[in-house]
Amino acid sequence: MKAYQFTVPAKLPGLNEYTKACRGSRYEGAEMKKQAEKLVSIYIKQQMRGVRINYPVHLTYYWKEPNRKRDKDNVAGFGMKVIQDALVHSGVIPDDGWKYIDGFSHYFTVDPDRPGVTVVIEPVSEDT
């Protein structure tokens, strides 16, 4: 089965930033998530035109951070939520629950000139 991928060439907010925004105001946190999801959706729509996957997938995240200041779980926690929600809202996958997300892997590197994330979507099975 064919694997798909897309890249978001931007540093997404971390879980700590999102938590801080939510503590400031529920509207501030919601706005941060909305803006991050909107950004991710733009790249999904540009790079995955017409892709619809109606069976389980495994997601592999390749995170590129500008430095090592943020913990890996801080980088991935909020980013992963935003990316999976954007995949659903963009129509690439029907849902981000157990039925359609088989699992995920994360890899981290430092690239001061090109931070961002590449997501590889690997179908697990068409039969499930």
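Two strands are said to pair if DSSP finds at least two bridges between them. The structure described here is a predicted model, in which local features need pLDDT of at least 70, side-chain atom pairs count only at pLDDT 80 or more, and totals for chains, interfaces and linings use all residues. Residues are numbered from 1 along each chain as its sequence is written, and side-chain values use heavy atoms, with hydrogens and water left out. Helices (H or I, at least four residues) and strands (E, at least two) are DSSP runs, numbered from the N terminus.

Thr60 stands opposite Ser105 in strand S3, and His58 stands opposite Gly103 in S3. Strand S2 and strand S3 (residues 101-110) run parallel and are joined by nine bridges. On the pairing of S2 with S4, the strands run antiparallel, and eight bridges join them; Tyr61 has Val119 in S4 as its bridge partner. Overall, the open sheet has four strands in the order S1-S4-S2-S3, with mixed pairing. S1 and S3 each have a single partner strand and stand at the edges, so one side of each is left without a neighbour in the sheet. From one strand to the next, the twist averages 15 degrees.

Helix H3 packs on this sheet and touches S1, S2, S3 and S4, where touching, or contact, means heavy atoms within 4.5 Å. The direction of H3 makes about 130 degrees with that of S2; axes are lines fitted to C-alpha atoms, for helices over the stretch in contact, and angles run from 0 to 180 degrees between N-to-C directions. Together, S2, H3 and S3 make a right-handed β-α-β unit, meaning that, with the strands pointing away from the viewer, the path from the first strand over the helix to the second runs clockwise.

The next feature is the nonpolar core, a set of buried Ala, Val, Leu, Ile, Met, Phe, Trp, Tyr and Cys residues joined through side-chain atoms within 4.5 Å. Buried means under 20% relative accessible area, exposed over 50%, and partly exposed in between (1.4 Å probe, protein chains only). The largest such core has 29 residues, of which Phe6, Val40, Ile83, Leu87, Val92 and Ile121 touch the most other members. Two or more residues come from each of strand S1 (4-8), helix H2 (26-47), strand S2 (57-65), helix H3 (72-89) and strand S4 (116-123). H3 gives the largest share, eight residues. Not counting residues up to four places away in sequence, the residues touched by Phe6 include Val40, Tyr43, Ile83, Leu87, Val119 and Ile121.

Ile53, in the loop between H2 and S2, is buried, with a relative accessible area of 1%. Leaving aside neighbours within four places in sequence, Ile53 is in contact with Tyr4, Val92, Ile93, Pro94 and Ile121.

Finally, helix H1 (residues 15-24) and H2 pack at an angle of about 145 degrees, with their axes 5 Å apart. The contact involves Glu17, Tyr18, Ala21, Cys22 and Gly24 of H1 together with Arg26, Glu28, Gly29, Met32 and Lys33 of H2. Lys33 of H2 is buried, with a relative accessible area of 19%. Beyond neighbours within four places in sequence, Lys33 is in contact with Tyr18, Phe78, Lys81, Val82 and Asp85.
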